[in-house]
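Hi there,

Here is the structure I promised to send you. Have a look at it first, and then read on for what turned up in it.

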Amino acid sequence: LRRADLDGELESSLPASIASILGPNSVLILPAGKGHKLHRRLRNKLLASLGPVRVLQMQGHFLQVIRGALGEMAETTAKEGHARFVDQASRISSGISELPITGGLDSASASKVSQSMEAIMEGLLAAPLNLGKFSAFGRALQARSKLVEVVKGLQSGSAAAGEGFNVIRELSRASEDGEGFTSEEMIDTICTLLLAGRLTTTDALPPLLVNLSKHPDWAKKIAEEPLEFSTVEAESNTLKFVRESLCSLPPVGAFRRVSRTPVDLGEHGVIPAGCSVAVLFGPDLIEMVKDFNPERWSRDAVREDFMTFGGSQPHSCIGKDVALMTLQMFCRVITKEFDFEVIDPTPIPGIIGVSWKDGLKVKVSRKATA
């Protein structure tokens, strides 16, 4: 299956409702691998714009978002005796995923983009019922249309914008990685970045906090490391811990693909043309880290076993650097600047993913020396 994927024979298999919101130019939907030049151009430009160098330049903004969310939890704890982390996990991931999209925009345009992205996110998770403004799915489709105005304004230069980094302006320019994005490609890419950034990080943060609470020895090691990062994947206790936590409850546990021609699996049979297939790796990751040992993540182990972001396949996660920076920054800020206690770390398995009892109640307070 991996060979077929690299050879460009497989396509992503997503529900039609999600595909209609993401759009036909989404790198999650476009066929990839050998011979698929459109996917290669879009993906390469995205990786150049949101790769390690750019993420490192934005780490001050990441820090601001995370400190703001944790500070609000400390205030809520002081008033009510506890806070609910799931809501703040969503706030952190949405705040950071919007940074490269709203950066440099005037306040009116930034507000329009934020509201549109919120509507799109709700639609991605809602029943695929298009009743216009009367259904979440319908409002998401309407929000896509509103984003077109902002995108075309930035691409034409008519929209007011400051000097901050903005991925829309960046991707609109021709570069060594290819010609600039069209407005249609840009809208589909924004929706894709929103889904990839918010869902993965939102789901990864709660188990990360639970694991920090369960392993105070590791929390102490992490607290001794600096807040400033020189590289996204520098060897550190923080990175090892994040990788172990991501495998303990993977935010993505399978790759879903479909082939327009039969796929011969030898002695195991044949996958019929048009039949969706899921390559399920989540249970293996969970089993591997049952003893919770972050020290296992040597360079060789990462290359062979760390599948959370898709490994070396053409649809691997384009937001990996943003996610790793967010999760590592969160670990260092909360361990260095806050005291915290998870009151009830009970996960509730669902049809899609995991939820947390009572929104994952926690007590958070600022350290006296923070």
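Please keep in mind that this is a predicted model. Let's begin with two helices that meet: the axes of helix 5 (residues 59-80) and helix 15 come within 10 Å and cross at roughly 50°. Because of that angle, helix 5 counts as oblique to helix 15. Their crossing is right-handed.

Which residues in helix 5 meet helix 15? On the helix 5 side they are Gln-59, Phe-62, Leu-63, Ile-66, Arg-67 and Leu-70. Their partners in helix 15 are Val-322, Met-325, Thr-326, Met-329, Phe-330, Val-333, Ile-334 and Glu-337. Sorted by class, the residues of this contact between helix 5 and helix 15 come to 10 nonpolar, two polar and two charged.

Helix 5 also packs against helix 6, at an angle of about 160° and with the axes 10 Å apart. Angles over 145 degrees count as roughly antiparallel, so helix 5 is roughly antiparallel to helix 6. The crossing of helix 5 and helix 6 is right-handed. From helix 5, the contact takes in His-61, Phe-62, Val-65, Ile-66, Gly-68, Ala-69, Glu-72 and Met-73. From helix 6, the residues are Phe-85, Gln-88, Arg-91, Ile-92, Gly-95, Ile-96 and Leu-99. By class, this contact of helix 5 with helix 6 has nine nonpolar, four polar and two charged residues.

Now for the empty spaces. Rolling a probe the size of a water molecule over the atoms shows where space is left. How many cavities of 30 Å³ or more does the structure hold? There are two.

The largest cavity has a volume of about 200 Å³. Its lining is made up of 18 residues, and Ser-97, Leu-193, Gly-197, Gly-319 and Val-322 are the ones nearest its centre. The lining of the largest cavity has 11 nonpolar and seven polar residues, with no charged ones.

The second largest cavity has a volume of about 30 Å³. Ala-204, Leu-208, Val-242, Ser-245, Leu-246 and Leu-327 line it. Here helix 10 and helix 12 (237-248) each supply at least two residues, and helix 12 gives the most, with three. Five of the lining residues of the second largest cavity are nonpolar, one is polar and none is charged.

The lining of the second largest pocket divides into 13 nonpolar, five polar and 11 charged residues.

Enjoy exploring it!

Best wishes

Terms used
Residues numbered from 1 in each chain as written. Predicted model: local features only at pLDDT ≥ 70, side-chain atom pairs only at ≥ 80, totals over all residues. Heavy atoms only, no water. 1 Å grid on protein atoms, 1.4 Å probe; cavity = no way out; pocket = protein on both sides within 12 Å on 5 of 7 lines; lining within 4 Å. Points joined across faces, edges and corners; volume = space filled by probe spheres on them. Nonpolar A, V, L, I, M, F, W, Y, C, P; charged D, E, K, R; others polar. Helix = DSSP H or I, 4+ residues; strand = E, 2+ residues; numbered from the N terminus. Axes fitted to C-alpha atoms, helices over the stretch in contact; angles between N-to-C directions. Parallel < 35°, antiparallel > 145°, perpendicular 65-115°, else oblique. Left-handed = near helix turned anticlockwise from the far one by under 90°. Contact = heavy atoms within 4.5 Å.
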